[in-house]
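Here's a quick tour of one protein chain, written for someone who likes to know the cut-offs. Have the viewer open as you read.

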Amino acid sequence: MENAQINAVIEANNAAVGAGDMDAIIATFEENGVLVGQPGMTAQGSPALREAFAGFMAINPQITVHSHEVIQAGNIALHSSTWTMRGQTPDGHSIEENGFSTVVLRRQSNGEWLMVIDNPFGNHLVEQG
């Protein structure tokens, strides 16, 4: 049951990104949540998250998650997944990227799960060799 709730948060975030729904994106994060916008660069808190996602949404990203794994320890969960993102640059060129995502979530006092850290670039260290 909780794995389904955790996966649903990830799916809601990806759907909100694809729809360009900034409020729905932010609603999947804790107040001081962190996004790795690219390896080595983070955005923390709602204003920074809004700025980071606004830049990303300019390419109209459509994210497909291929597989999920959830490891839970009490009120903390680690969600790992493989993904493909398709989008288009403002000048019309198609973009396609694949990756491995790691997300740390925390169960809130109301039972809802929210993202604390979202790192869609979990595979960058492997790619460096």
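## Ground rules

This is a predicted model, so local features need pLDDT of at least 70 and side-chain atom pairs count only at pLDDT 80 or more, while totals for chains, interfaces and linings use all residues. Residues are numbered from 1 along each chain as its sequence is written, and side-chain values use heavy atoms, with hydrogens and water left out.

## The sheet

Helices (H or I, at least four residues) and strands (E, at least two) are DSSP runs numbered from the N terminus. Here 6 strands make an open sheet with mixed pairing, ordered 2-1-6-5-4-3; two strands pair if DSSP finds at least two bridges between them. Strand 2 (41–44) and strand 3 (62–73) sit at the edges with a single partner strand each, so one side of each has no neighbour in the sheet. From one strand to the next, the twist averages 25°.

Thr-84 has Asn-98 in strand 5 as its bridge partner.

## Helices on the sheet

Helix 1 packs on the sheet, touching strands 1, 3, 4, 5 and 6, and its direction makes about 150° with that of strand 3. Contact means heavy atoms within 4.5 Å; axes are lines fitted to C-alpha atoms, for helices over the stretch in contact, with angles from 0 to 180 degrees between N-to-C directions. Helix 3 lies across strands 1, 2, 3 and 4, at about 40° to strand 1.

Not counting residues up to four places away in sequence, Phe-53 touches Asn-13, Val-17, Met-22, Ile-25, Phe-29 and Leu-35.

His-79, found in strand 4, counts as buried at 0% relative accessibility. The cut-offs are under 20% relative accessible area for buried, over 50% for exposed and partly exposed in between (1.4 Å probe, protein chains only). Its side chain makes a polar contact of 2.6 Å with that of His-68; such a contact is a pair of N or O atoms within 3.5 Å, where within protein one must be able to donate a hydrogen and the other to accept it, and residues adjacent in sequence count only if both atoms are side-chain atoms.

Gly-122 is in the loop between strand 6 and helix 4 (124–128), and is partly exposed at 30% relative accessible area.
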